[in-house]
Amino acid sequence: MRICLVSETWSPEINGVAHTLTQLSQELLARGMQLQLVRPHPADAATPRRTPGMQAELRVPGMAIPGYRAVRLGLPAGRRVQRLWQQQRPDVVYLATQGPLGWSARRVARRMGIPLVAGWHTNFDHYCGDYGVPWLAPTLLRGLRHFHNGCQATLVPTRQQADDLSRQGFQRLAVMGRGIDHRRLDPALRCAELRRSWGADEHRPVALHVGRLAAEKNLTLLRETFHAMRSARPDMAQVVVGDGPARRSLEKALPEVHFTGFISPEALARHYASADLFLFPSLSETWGNVVPEAMASGLAVVAYRHAAAAELIDSGVNGVTVPAGDAEAFREAAVALCQQPARYAQMGRAARLRSQACRWPAIADTFLSVLEQAREVNHATTRPCSI
């Protein structure tokens, strides 16, 4: 099968969409699939001119997203996309993002009668509230519903998300979770030297947060929770891995916390394994890759009952979840857990076992099954469309 991946973001950009697509493409290439890639020109000039493994790659002009200069939106490129597909027609197109590039690729594919599968990787309506334009959410949702309902299928990461979108009129939804690279993430990578650099020994807990530092990540609650935990355990260490527009203000509010910025995947695996607790207060994710990554590294996770945490955590057994939006319950759960080393250690071991079910080969099986079904349905029921 020849598959064209259309995305506004790709590695080495650091975000959940880029990570998921990188892992999926590696699985697909290992199975002999022919892949095309349509993406914006990367902001990093050092990025290779050709993505390894791609049969064809089209890079189009883009523009930086305000506040996210490392991430770019692809500008409409319908004519260039059409020329590529006339020369090398894909069997199916996967639209990972719904920016201007995604919309233009959607129009071309429908006009040419090429089957489309879309991914739901971002809760855009949630972002409207985080960035002060909640009134825009209904209009945005109508546009997204039109975008996705014009595809043969839309892949969402959880059953809860599928149910929510179905109630809002989205059609032909299929569930595809996310995988974990267990070869990279391992509690055995725990490093005493790294813990000492944080001022912690084996008797002092380390609380970790990993993610982009931006408004939609509920960083106010992270700050409040870190303060509350430190009041209960003044000897504990706290570490934040990641970067973003809110980093400077968060560093000022939390001068005792160790901020690392973005780090290499190898260093990230050591940071996960060298911590004891993982805090994830965000509600903006559709999945949240860092939750199963922390679990795979043997950490007890405190999170809202949402996205990956709702799917993977049996609260009180392999982590702690609280009702979505209950900030007081989140703080109380984190404060209580950091004072119970035997409990968080036991949860971390159970979390590692639970994460074993999250494997990329199984995720790729689901992905290919949905794409193949979309191709069959398209051949049976559709003709080229001008919309």
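Six aromatic pairs are found in this structure, where rings of Phe, Tyr and Trp (its six-membered ring) pair if their centres lie within 6.5 Å. The model is predicted, so to speak of local features takes pLDDT of at least 70 and side-chain atom pairs count only at pLDDT 80 or more, while totals for chains, interfaces and linings use all residues. Residues are numbered from 1 along each chain as its sequence is written, and side-chain values use heavy atoms, with hydrogens and water left out.

**Stop one: Trp120 and Phe170**

Select Trp120 and Phe170 and show their rings. The ring centres are 5.4 Å apart and the planes stand at 80°, so this pair is edge-to-face (planes over 60 degrees apart; under 30 is stacked and the rest are tilted). Now colour by secondary structure, with helices (H or I, at least four residues) and strands (E, at least two) taken as DSSP runs numbered from the N terminus. Trp120 sits in the loop between strand E7 (116-119) and helix H4 (124-130), and Phe170 in the loop between helix H6 (159-167) and strand E9 (173-175), so the pair ties together parts 50 residues apart in sequence. Both Trp120 and Phe170 are buried, that is, under 20% relative accessible area with a 1.4 Å probe and protein chains only (exposed is over 50%, partly exposed in between).

**Stop two: the Phe278 cluster**

Next, pick Tyr272, Phe278 and Phe280, which ring pairs link into a cluster. The rings of Phe278 and Phe280 have centres 6.4 Å apart and planes at 20°, so they are stacked. Phe278 counts as buried at 0% relative accessibility, and Phe280 counts as buried at 7%.

**Stop three: helices H2 and H3**

Show residues 78-87 (H2) and 100-112 (H3): their axes come within 9 Å and cross at roughly 45°. Axes here are lines fitted to C-alpha atoms over the stretch in contact, and angles run from 0 to 180 degrees between N-to-C directions. On the H2 side, Gly78, Val81, Gln82, Trp85 and Gln86 meet Ser104, Ala105, Val108, Ala109, Arg111 and Met112 of H3, contact meaning heavy atoms within 4.5 Å.

**Last stop: Glu27**

Finally, select Glu27 in helix H1 (residues 16-30). Is Glu27 buried or exposed? Glu27 is buried, at a relative accessible area of 19%. Leaving aside neighbours within four places in sequence, Glu27 is in contact with Trp360, Pro361 and Ala364.
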